[in-house]
Amino acid sequence: MRMAISPGRDASFSSQKSALSESPRTKRFPLTEEEIFYMNCRAAYLTVFKSSLENIISKEQLYLALQHAGRNPSQKTINKYWTPQTAKLNFDDFCIILRKEKPTSKAELLKSFKQLDVNDNGSILHTDLYKLLTKRGEKMTPEEVDAIISLADVNADGKFDYIKFCKVYMTTNEQCLKTTVEKLEVDSKLRRQQFGSHIEGSPERDPSPVPKPSPRTIRKTDQETFSNKGDTRSSLLAATRKFKTSVSCTITMDVNSNRNSKLTEPDSIKVFGWTGELGPGIYWLIPSTTGCRLRKERKPITEEAQLVYRDETGELFLTKEFRSTLSDIFEVIDLDGNGLLSLEEYNFFELRTSGEKCDEDAWAVCRDNFDTKKNELTRQGFMDLNLMEANDREGDPRDLWVTVHSMGYNKALELTEACPFIIDIYADKCKPRIKAVHMEACSGQLEKAICKSVLNKGNARVMDGYEDIIVHTYKHDTWITSVIENKSDNKVIIHINNELSKNCVNNRGLNIFAVEVAPKSTMVCQHVMPLNERQEWIYYCVYSLMS
């Protein structure tokens, strides 16, 4: 591994006064799926907020933003992401939610209504619809049902035409998303929002022959070379004229010499260890990933797994595949490994899947109705609990899918969006006591731990003329993490540009974005890893203070 050094500069950093030329994105190359996803995220967000730097501060705002993104979330879904402990969600959080909450397909919608269509003729009597929507599942108010029944295009002769409704619903959703995207494209002010900008193309996709930077800080001549490549520059780069000062970091990383790289087999078990001396006290062990590689599904899901079925007598059962998945989930939430779930362990699961806790009274009812041992829920009891939930919805698996998705599984019951950890501790001369502690959303414990580590181990560079703004960069064999420290009494907005990085992927999924750093605080800016760990990768990032 080599660290790029510019003559006359400290290792890894050089100050810049950017003057990059403005030119539009080439129209010859279509947007990738990732770029389209972030464009849609940004379009929906900016329909509700003036800036992507604003936070979601209420359930109502979250619901509205999700609707503009083509989702139609239930109250249970909203509660999953907006818990009693939630104070705000930012644009990054919103993007994560949209990744997890896929748009409802027309087939899924029709399937739900067909379960209510006793005559199989494409319609449901208003009286039946009223009973179903106000008595079962997530209950609607009479006024809400009346609003559905009063829709002229899908109601006639006391019947609700759900086939027409599904068509109107899908068209409305698509049009809503289309309108938000068109508004983003037309409005140049919105198009220049720096947080989450993905109008420009990814350097890895650009077929133009761009010279490969050397393992050093790029010189003025190199900058001119990149600036003059009109088909790789976007209009967003003109915003550099508004920057007060900039600082850049270049690090060239060698090919990973370990041919059995930890990065190439994300589905298999990997062992990481630490050995050292610890004095008396309480220590937090916080397992985490960079988030760089768990953002995309590896392959498209063509067929949805079946969670429940009925036998010839009509009795409801969990499928073999779903039972296997629930068994794996049981292993994950059985934190002490004793084969049983305590109330505390079960509440970790409840908070993850529903955003709510089970109190002592509800747990007592659970113990009375399901298999328990020593006042703790057995594996069979956990299975029966999920079967009861399916029976409560008369076989409708939607609530079960909320559970499955919340635990990181996709429609094929593959674990693609979560990375379970197993922690074993060995100590000489003492028996350490271990207790699992749930980290609430937005608690900041992981962020604080990462910031402290990077500030202690990383290289620091002060922005020219602004000694209170410091960029810290920590390099490991397989990743790079940057942290921004703001010692001033005012909040600052830092523009980040990774366009000249090569063979890199970051946890934000964006080449250009901006972050807001509160007064007297530090924040994790980004984690970066190689896109292909068997090739050399060059991390080149420009941090600019926006005026």
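Trainee: What covers the buried residues of helix H12?

Mentor: In this predicted model, the cover includes helix H3 (75-81), helix H11 (320-333), helix H13 (360-369), helix H14 (379-392) and helix H15 (398-406).

Trainee: And how many of the residues of H12 are buried?

Mentor: Nine of the 11 in H12 (residues 343-353), so the rest of the structure largely encloses this helix.

Trainee: Which ones are they, in H12?

Mentor: The buried ones are Leu-343, Glu-345, Tyr-346, Asn-347, Phe-348, Phe-349, Glu-350, Leu-351 and Thr-353.

Trainee: What follows H12?

Mentor: Gly-355 does, and its phi is positive, near 80°.

Trainee: New topic! At what angle do H1 and H2 pack?

Mentor: Helix H1 (residues 33-48) and helix H2 (residues 59-68) pack at about 135°, and their axes are 8 Å apart. That angle makes H1 oblique to H2.

Trainee: Is their crossing left-handed or right-handed?

Mentor: H1 and H2 cross in a right-handed way.

Trainee: Which residues make the contact?

Mentor: H1 brings Ala-44, Thr-47 and Val-48, while H2 brings Leu-64, Ala-65 and His-68. Of the residues in this contact of H1 with H2, four are nonpolar, two are polar and none is charged.

Trainee: Okay, on to the cores. Which residues touch the most other members in the largest nonpolar core?

Mentor: That core has 45 residues, and Leu-62, Phe-94, Ile-494, Ile-496 and Tyr-543 are the ones touching the most other members.

Trainee: What does the second core include?

Mentor: The second core is separate and has 30 residues, among them Phe-330, Trp-363, Cys-366 and Phe-370.

Conventions
Residues are numbered from 1 along each chain as its sequence is written. This is a predicted model: local features need pLDDT of at least 70, side-chain atom pairs count only at pLDDT 80 or more; totals for chains, interfaces and linings use all residues. Side-chain values use heavy atoms; hydrogens and water are left out. Axes are lines fitted to C-alpha atoms, for helices over the stretch in contact, and angles run from 0 to 180 degrees between N-to-C directions. Helices (H or I, at least four residues) and strands (E, at least two) are DSSP runs, numbered from the N terminus. Angles under 35 degrees count as roughly parallel, over 145 as roughly antiparallel, 65 to 115 as roughly perpendicular and the rest as oblique. A crossing is left-handed if the near helix is turned anticlockwise from the far one by less than a right angle, and right-handed if clockwise. Contact means heavy atoms within 4.5 Å. Ala, Val, Leu, Ile, Met, Phe, Trp, Tyr, Cys and Pro count as nonpolar, Asp, Glu, Lys and Arg as charged, and the others, Gly among them, as polar. Buried means under 20% relative accessible area, exposed over 50%, partly exposed in between (1.4 Å probe, protein chains only). A nonpolar core is a set of buried Ala, Val, Leu, Ile, Met, Phe, Trp, Tyr and Cys residues joined through side-chain atoms within 4.5 Å.
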